[in-house]
Amino acid sequence: MFGDCGLALPCFGRDRRQRDGSNDADREPVLLVSGIGGSILNSKQKKNGSLLRIWVRILFSNYEFKTRLWSIYNPETGYTETLNPDIDIVVPDDDYGLYAIDILDPAWWVKLLHVTDVYHFHDMIDMLIDCGYKKGTTLFGYGYDFRQSNRIDKAMNGLKMKLQTAYKASGGKKVNVISHSMGGLLVQCFMYLHKDVFAKYVNKWITIATPFQGAPGCINDSLLTGLQFVYGFKSFFFVSRWTMHQLLVECPSIYEMLPNPGFKWKEQPLILVWRKYTEGDESVKLEVYNSVDCLDLFRGALRDNELTYNGKSVALPFNLSILKWAAGTRQMLDNAQLPDSVDFYNIYGISYDTPHNVCYGSEASPIDDLPEICHTMPEYSYVDGDGTVPSESAEADGFNAKARVAVKGEHRALLRSETVLKLIKNWLGLTQQSQTYVKAKVANVSPDLIPSEEAYKNSTIGLCEDLLSKQI
């Protein structure tokens, strides 16, 4: 998922060569699953099959992004489809799936200059290879088109094939899955939809920085104003906030990470808007929207949202079809059950200011009309977390965990945290427990904190159906 309300990106380090894998026979296979934005995306020309990397790239990124990656949701298929009819968006499967999640901009000059803004699973892959894992036998990666829903057939079938491949390649050993950020939600959807398959092939599931109950501040704001990954002069070399915004409005994966309205938050996440009213005596009022009320705000703020593509205007309002689909996904996430045979471990970040509430306008400079929000920089109020996902959300998995460990670290930096790498080595049985064990905070989340199916249906799904019935 995003880091600093930005992207979970990979890293470069020393040149890595495949070890001889002398200890490979003793290893259970590991499958690494990336989060949102954590996979290379290529555009593939339908006519000649030529490929161009469009995510992540640093040079000419904004132009290629708008030309090739802008998309629109097709409610008939459930997929987000690129506006460019001449290309397909594909994820490379080179290096047994590891290439796509290792270095997201693998240009030679990026490696030469050691551009650390584009690190992802690189350090973890290095660590596992150093411990005797071998690519294609006991080490695999799973990248996917993160624009799509976490439960879409293509993603589910791809994960199933990866699990089967890892299981067979290792001689019939069960797989240890390590997921990051939104990748944990994808694994959770798979577990709900294919519980028997999950139980057959998975031994351990280790998840890192997963927004089990959503990422309120970052996701609410991403739908209203987009995401800014870098600032200052560097922003001229990367995707702009507005360009990213136009993609995210049509991404089911973003809607699926909205704050869970049925979850019992310590403090309900809010969106606040300072509004100017001119009827009668001119006045300024602070409007407050909770996780259900904000749907009306999204509709109002995005009602005029559009982009121009090949000279034609494309309307991109708040997408109620995606919202309804995402509400169904949330029901699956809330009702997923961990098989008794699978050990579950949860690592989540703490000690970083993490957006929770978002405010637009001010008492001195209020919003006249809701669409102005989309061109307004937000002000956040913060809770503890990893800078993107509140710790309250990340630890509320609802499963019978072997351990939940709070680690001081930022969202994307957790993947290269020495503490996290030591924990993973310990849980995979690669070191003596006494040497690397970090005291874990094990606290099974009360079932009372997870909303019932009826409660959730009465909130978001009910509202979705009401909005759709009014054909708004």
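1. The protein chain holds 16 helices and 17 strands, these being DSSP runs numbered from the N terminus (helices H or I, at least four residues; strands E, at least two). This is a predicted model, in which local features need pLDDT of at least 70 and side-chain atom pairs count only at pLDDT 80 or more, while totals for chains, interfaces and linings use all residues. Residues are numbered from 1 along each chain as its sequence is written, and side-chain values use heavy atoms, with hydrogens and water left out.

2. Of the 472 residues in the protein chain, 60% count as buried, a term for under 20% relative accessible area with a 1.4 Å probe, protein chains only.

3. D145 lies in the loop between β7 (139-142) and α5 (153-169), and with a relative accessible area of 16% this residue is buried. Leaving aside residues up to four places away in sequence, D145 touches L41, I89 and V91, where contact means heavy atoms within 4.5 Å. The C-alpha atoms of D145 and I40 are 8.6 Å apart, although 105 residues separate the two along the chain.

4. Helix α6 (residues 182-193) packs against helix α12 (residues 320-335) at an angle of about 75°, the axes being 9 Å apart; the axes are lines fitted to C-alpha atoms over the stretch in contact, and angles run from 0 to 180 degrees between N-to-C directions. The two helices α6 and α12 are therefore roughly perpendicular, the class for 65 to 115 degrees. Among the residues making this contact are L185 and Y192 of α6 and M332 and L333 of α12.

Terms used:
Buried < 20%, exposed > 50% of the residue type's maximum accessible area, 1.4 Å probe, protein only. Parallel < 35°, antiparallel > 145°, perpendicular 65-115°, else oblique.
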